[in-house]
Structure formats: C-alpha cells, structure tokens
Amino acid sequence: MSSSRRPFGCNLCSKTFTRSENLERHKRSAHEDEARRTFECPHCEARFSRRDVCKRHTNRCANTISRQQETDLTIPSVTDGDTFFSPDITAAAPDEDSPQSNLEPCLNGQQETSPFNHLTPTGIIRDANAHITAYFEYFHPVLPLVHRATFDISSTPKPLVNIIIVIGSLYSVRFFPENETSALIRGGQELWQQGSEELRRLVSNDWRELRKTWMIQTFLLHIVYGAFMHETTEHAKTRSMLRSLVDAVRDLGLLKQVVAISTPQTWLVNIIPNGTQFYSTQLHGRWQSYIDEESLKLSIYTLLLLDHHVFSPCNLHPLLSPLEFSWELPLASSLWEAEDAQLWQQKLYDEYGRATTGLLESPIRIPRHASTFSLSEASQAIMSGVPHPELVEALSASPMAVMCILTNMEVLVRDFTRCYYQLPPSPSDPSAFHILTQSQNRRVHAALKVIHGIIEERTAMAITESDQSIWQACQVLSWSVKMSLCRPDDLLVSGIAENRVFAGLLTATHLTLGSYVTFKRTTHALTQQNFGQTSGDDSIIAIMDDLTEAMSGIASLAPDLAIREVPWITTASYRILLIIWQALRQSIANTRKKLEKSLNAGPNGRTLGSSALIFNSIMEIALQYDCQPDTNAKQTRLWTVDPTTLMVTLDESEATFMNLVMRICRDRSVWAIGPSMAGVVSDIIATRANLQTQVELG
C-alpha cells in the first residue's frame with residue numbers, strides 16, 4: 001500500500017498506518033515498557049510480556065515457516081463432512097501484545113488484492129448492478145450486514161460482491177424474461193459453489209484471514225444462501241461452514257468485544273467543528289472508524305442469529321452460547337444507514353448530541369445503560385419487566401438488536417423445554433403450558449410485553465417498506481417465542497433431529513398430521529394421552545389471542561412485504577402456522593366427538609365447550625383471508641347451530657386452512673422455503689382428495 005494511503009508512520013520502526021489512533025495503539029503495545037518483554041520468539045526475535053502469549057506466537061511463527069518451506073502447495077482435500085477447513089488452532093490465537101487490529105476496512109477501497117479475482121464469471125455477472133440493487137432494496141433492510149453507503153463494486157473484495165449478486169438475483173429474477181430465469185438461478189448456484197470452494201481454500205491456507213470483517217460477512221452470506229436453498233449437498237457444506245466459522249471466531253477471541261477491539265468507539269473523540277482545517281478529511285476518517293467497528297459488531301451478531309435459525313428448525317442445538325457472547329448492542333440503525341459522513345454526523349447529533357452550544361460535545365457521551373453492554377445483560381434486564389429507559393431507547397433505535405434479543409429468548413425457552421422433557425413425567429402437571437415455572441413465565445411475558453410495545457410503536461412510525469419489513473420480522477419472532485412457551489416444537493418433544501431446514505419443516509408437518517409415531521419420549525406422550533385433551537385445550541385457550549393475532553398478521557401481509565421476508569422469518573412463520581394447524585385439528589376432533597355424542601339431543605343439548613371456541617376463532621380468520629371469500633358462507637359456517645351443517649363444516653374446514661397455508665407459502669416465493677412448503681401442503685391436499693375419491697368409488 002502506498003505511503004499516501006498510510007500517512008501515519010512510526011518513528012521507532014518501519015510500520016505505517018491509515019489512522020493516527022492506530023499509530024498510537026501500535027506505539028503503546030509495541031514500544032512502551034520494553035523491559036517488561038522478557039519472553040522472546042526464537043524464530044523472529046519478537047518479544048512479549050507474557051509466557052503464554054509468546055508460546056502462541058512461537059507456534060504460529062513455526063507453522064508459518066514450515067508452510068513457506070513446503071514445495072508442494074496443493075491444498076489437501078477435506079474428507080470430513082463436518083469440517084470446512086482444518087486450522088491449526090495455535091496459529092490463529094490472537095496475541096495480546098500484537099499491534100494488529102482486528103478491524104479491517106471492508107468497503108472503502110483499501111483492501112489488498114483478493115485471491116478471488118480469478119473467479120470465472122457466469123451469465124449472472126452480466127446484470128450484476130441489477131442484482132446488487134435488488135440485494136440492498138429487498139434483503140439488506142432485514143439483515144443490514146454490509147454497509148450500503150460505502151459499498152463499491154470496484155473496490156469491494158470479489159467474493160463479497162459475488163455472494164451479494166447471488167442473493168440479489170433471487171429477488172431480481174422476477175424482473176427478467178421467463179426464458180432467462182432458469183439460467184439465472186443456475187448461475188447463482190454455480191457462483192455460490194465457486195465462492196464456497198474458494199473460501200475453503202483461502203482459510204485452509206491461513207485461517208487468520210477470518211479476522212477480516214469482509215471475510216466474516218462473506219461467510220455469513222454464503223451460509224444464508226446454502227441453508228435456505230434446500231439442496232442437500234449445499235446444506236451439508238453450509239453446516240460445515242457455520243461450524244468452522246464459529247470455531248474460528250471463538251478461537252480468535254472475536255466473541256468478546258474487549259478482545260476484538262482494543263480501543264472501541266475512537267470515533268467519538270476529537271469532534272472537529274465545521275469550517276476548520278482538515279474538517280472533511282477527519283470527519284470522513286471518524287465515519288470510517290465507526291463503519292469498521294459497527295461492521296464487525298453486526299457480523300458477530302448475525303453469526304449468533306444464524307447459528308440459532310439454521311439449527312433450531314432441524315432440532316439441532318446451536319453452537320454458540322449467549323453467555324460466551326459479549327458485545328454491546330448495535331447502535332441506532334439511522335447511523336448505519338447514513339449515506340455520507342455529513343449525514344452520519346447529523347444523525348449522531350440527532351441521536352446523542354446536546355444542543356448546548358450548537359455543536360457536538362467532545363467526547364460525545366452515548367447514553368447507554370450497563371444493560372446494553374451485552375446480549376445476556378440486555379435479556380435479563382428486559383425480563384425484569386422494568387428495563388432501564390436507555391435500554392428501551394437502544395432497542396427502539398435498532399431493530400437488529402430486537403431480533404437478537406428475541407432469538408436469545410427463544411434459545412432460553414427451548415433449553416428449558418429440552419430439560420423439561422428429560423425429567424420424569426408428572427401426572428399432576430401433564431400440560432406443556434407449565435414447561436416454565438409461573439415466575440419464569442411472568443419474566444418472559446414481561447419481556448415480550450415491552451418488546452411488543454416497541455414493535456407496535458415503531459411499526460406505526462414506519463413509512464417505507466424497508467422499515468416495515470424489519471419490524472414485521474421482529475413481530476414474527478415475538479409470536480414464535482410466545483407460542484413456544486405453551487406449544488413446544490414437535491421435533492424437540494419427539495427427539496427427532498434432521499440435517500437441513502427443509503427436512504425439519506417437512507418432518508414437523510407430518511408430526512402435526514399425526515403421520516409419524518417414532519417418538520423417543522413415548523412415556524411422556526402416553527401420559528398426556530392418558531390424561532385427556534383438556535390440558536391441550538387449556539394451553540391453546542391461554543394463547544388464543546396471540547394465535548389469532550399471529551395468524552392474521554402472517555396471512556394479511558401484503559405481497560410486496562412478503563417478498564421482502566427473509567428465509568428464517570418464513571421458517572418461523574410456517575412453524576407458527578403448524579401450531580395453529582395442530583390446534584385446529586385437535587379442536588375439530590374434540591368437537592366432532594362431542595357432536596356425535598349429543599346429536600340426538602338437539603341444539604340446546606349440545607355443549608361444545610372450548611374446542612368450538614378454538615375452532616371458530618381460527619376459521620374466522622381463515623375464511624377472512626380465503627382466496628374466494630363468501631360472506632354468506634362465513635356467517636353460516638362459523639355460527640350455525642344445525643348439527644348436520646356443522647358436521648359438513650368440520651369436514652371442509654381443514655382443507656380451507658390448508659389452502660390458506662399454501663397461499664401464504666407461495667407469496668414467500670423468493671427463497672426455496674416458501675415454494676417447497678407450498679408443494680408439501682399441495683401434495684397433502686392432493687393425497688387426501690385421491691383417498692376421498694377412492695372411498696366414494698369403493
């Protein structure tokens with residue numbers, strides 16, 4: 001890199017830096033208190049103040065020399081299906097005394113030449129700008145991983161550009177002629193395969209490359225595509241990528257902000273008043289410093305998010321624990337979306353500045369309570385029911401933080417559920433409604449109440465579809481957490497684990513229909529059956545308002561917003577619909593039994609109880625969003641007291657609900673999850689129709 005691009009040179013050695021604060025950090029770590037550095041590397045004569053740090057460096061240095069001496073540079077093939085690459089752990093451990101920063105500018109044109117430049121372009125590259133535009137228009141608002149304002153196709157590393165093109169093409173394909181769509185989809189798959197293979201080769205050579213933020217971003221976007229485009233081979237490779245990325249990030253110390261960033265928020269100091277010399281240059285430098293830091297933070301939060309949403313639909317335990325994750329909550333999204341340094345400073349002033357002098361104070365004080373310092377602390381504080389106002393303000397300003405809090409709470413509830421079903425069944429308490437104690441339930445509900453208030457307020461304020469889409473995603477996750485308190489995941493209860501998201505949803509669908517009987521925890525299941533279905537109705541009644549709200553919110557989503565829905569939110573929506581479907585089937589069965597017993601008693605002699613209430617509540621919404629609504633039929637079918645008509649209604653109602661589910665899935669057509677599950681439901685409807693035809697003919 002030229003000296004003009006690294007103008008700050010150290011007067012004690014030959015190193016140069018792009019920013020003055022990096023130079024100062026280098027001097028403190030590399031040149032101060034040499035007398036304390038008593039441990040020396042035998043290979044390069046580097047000195048350290050701690051024996052363990054010196055040992056890690058020595059091992060790394062030895063491995064580097066060994067690799068340089070090898071004449072055969074062929075990358076060994078990976079034979080372990082669960083290993084994306086096989087790093088030398090000691091070679092990647094971060095040195096406490098090393099001046100190297102973990103933050104690498106990823107979008108400002110200061111990257112070194114990428115080893116990916118030789119990627120063979122496919123037909124998809126021809127319309128790269130259209131795909132990139134679609135990525136930032138449709139996908140980016142819900143997962144703001146890449147900094148939009150500084151993204152430049154000419155200076156951004158090729159692998160990151162290519163995976164953005166691949167994901168963007170999923171959204172832009174609908175604007176292309178029909179005869180080009182198949183080639184476009186195949187081109188995206190080929191480019192993903194090339195990119196994932198090149199990532200494997202790069203990190204196999206030197207997995208310390210994963211210290212660079214753009215590398216983590218590239219990995220994460222490859223994981224998103226591979227996990228939710230349901231080809232078996234892609235998902236197997238994706239799980240290996242996710243496992244390897246988690247291992248690397250953990251061993252590099254990037255799960256701890258104090259390790260990943262030695263001097264955080266340097267961009268808050270040395271505020272330069274407008275009109276002074278070098279104002280524009282220094283302001284841009286501060287903006288870039290913020291981008292670098294927040295990019296890494298959002299990348300690590302995205303890793304935590306995907307770790308859960310890729311594995312939980314398969315009933316696989318996440319690789320990361322929120323307890324080992326220690327990063328402050330993301331800052332206001334308005335700062336992240338600022339289009340230039342001037343607007344960024346204005347947003348910084350709007351969010352955190354003080355109007356005492358008309359200028360920003362130096363240093364700026366961002367009003368953030370201690371409960372915002374980590375995800376666990378934020379979750380605990382919000383479950384108290386009375387979170388600090390600064391925590392509420394931080395969540396209101398960052399929907400990404402809200403999504404991560406809700407994901408963390410869902411992990412917590414699933415862990416409690418997993419423990420509950422490993423305990424001996426209790427005949428006095430057979431209901432899933434009591435998985436958590438009353439005190440624990442109150443805490444989770446208190447947190448959801450606070451979050452629901454934030455979501456409602458921000459949704460009402462949302463003007464653009466981009467804002468609406470991310471707060472809608474938060475709403476779906478909040479419904480999912482609330483449902484899981486009373487109606488745990490069938491895969492979790494039955495002990496069935498799958499290897500990919502689509503297979504997990506398919507199995508969950510068949511469990512909902514009672515098609516599978518391979519429960520590993522049959523003792524508990526039989527205990528519940530022996531105690532009847534009353535407790536099941538009770539648990540549904542307890543969340544009936546939430547069920548109907550969720551069903552209405554999912555079914556009423558406008559097509560333009562449904563297209564913007566990211567795949568893990570579609571997965572969560574489908575799982576919510578499975579809970580409602582299961583409740584409907586149970587209410588139909590119970591209502592039919594009661595109706596058959598009292599058919600001869602007449603309308604006044606029938607007491608259908610809570611089952612009819614559940615049935616009517618679900619079907620009212622199903623008919624409201626039916627593709628071919630009939631107002632008169634709605635009134636007759638829902639509230640009739642005629643036994644014969646009600647029997648016909650029971651027979652037809654599940655088909656009506658399945659048609660609604662199929663329509664909802666088809667509306668989510670961008671990612672494979674929606675069309676795939678629509679196909680599953682369509683097959684179920686066709687199979688039942690064939691069976692009915694055979695019965696009538698037979």
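Contact here means that heavy atoms lie within 4.5 Å of each other. Keep that in mind as you explore this predicted model.

**Exercise 1. Find the surroundings of Thr509.**
Task: Say which helix holds Thr509, whether Thr509 is buried or exposed, and which residues Thr509 touches.

Solution: 
- Step 1: Start with the helix. Thr509 belongs to α19, which covers residues 501-512.
- Step 2: Check the accessibility. Buried means under 20% relative accessible area. Thr509 has 0% relative accessibility, so Thr509 counts as buried.
- Step 3: List the partners. Leaving out residues up to four places away in sequence, Thr509 touches Tyr574, Leu578, Trp581, Met677, Val680 and Ile684.

**Exercise 2. Describe how α17 and α24 pack.**
Task: Work out how α17 is oriented relative to α24, and what kinds of residues make their contact.

Solution: 
- Step 1: Two packed helices are described by the angle between their axes and the distance between the axes.
- Step 2: For α17 (residues 465-486) and α24 (residues 567-597), the angle is about 40° and the axes are 9 Å apart. That angle makes α17 oblique to α24.
- Step 3: Look at the residues. From α17 come Ala473, Val476, Leu477, Trp479, Ser480 and Met483, while α24 supplies Ile569, Ala572, Ser573, Ile576 and Ile579.
- Step 4: Sort the residues of this contact: nine are nonpolar, two are polar and none is charged.

**Exercise 3. Step into the core.**
Task: Which residues have the most contacts inside the largest nonpolar core, and what does Leu221 touch?

Solution: 
- Step 1: The largest nonpolar core has 177 residues, and those with the most contacts inside it are Phe139, Tyr171, Leu221, Trp568 and Trp671.
- Step 2: Zoom in on Leu221. Beyond residues up to four places away in sequence, the residues Leu221 touches include Tyr135, Phe139, Leu145 and Ile167.

Notes:
Residues numbered from 1 in each chain as written. Predicted model: local features only at pLDDT ≥ 70, side-chain atom pairs only at ≥ 80, totals over all residues. Heavy atoms only, no water. Axes fitted to C-alpha atoms, helices over the stretch in contact; angles between N-to-C directions. Helix = DSSP H or I, 4+ residues; strand = E, 2+ residues; numbered from the N terminus. Parallel < 35°, antiparallel > 145°, perpendicular 65-115°, else oblique. Nonpolar A, V, L, I, M, F, W, Y, C, P; charged D, E, K, R; others polar. Core = buried A, V, L, I, M, F, W, Y, C linked by side-chain atoms within 4.5 Å. Buried < 20%, exposed > 50% of the residue type's maximum accessible area, 1.4 Å probe, protein only.
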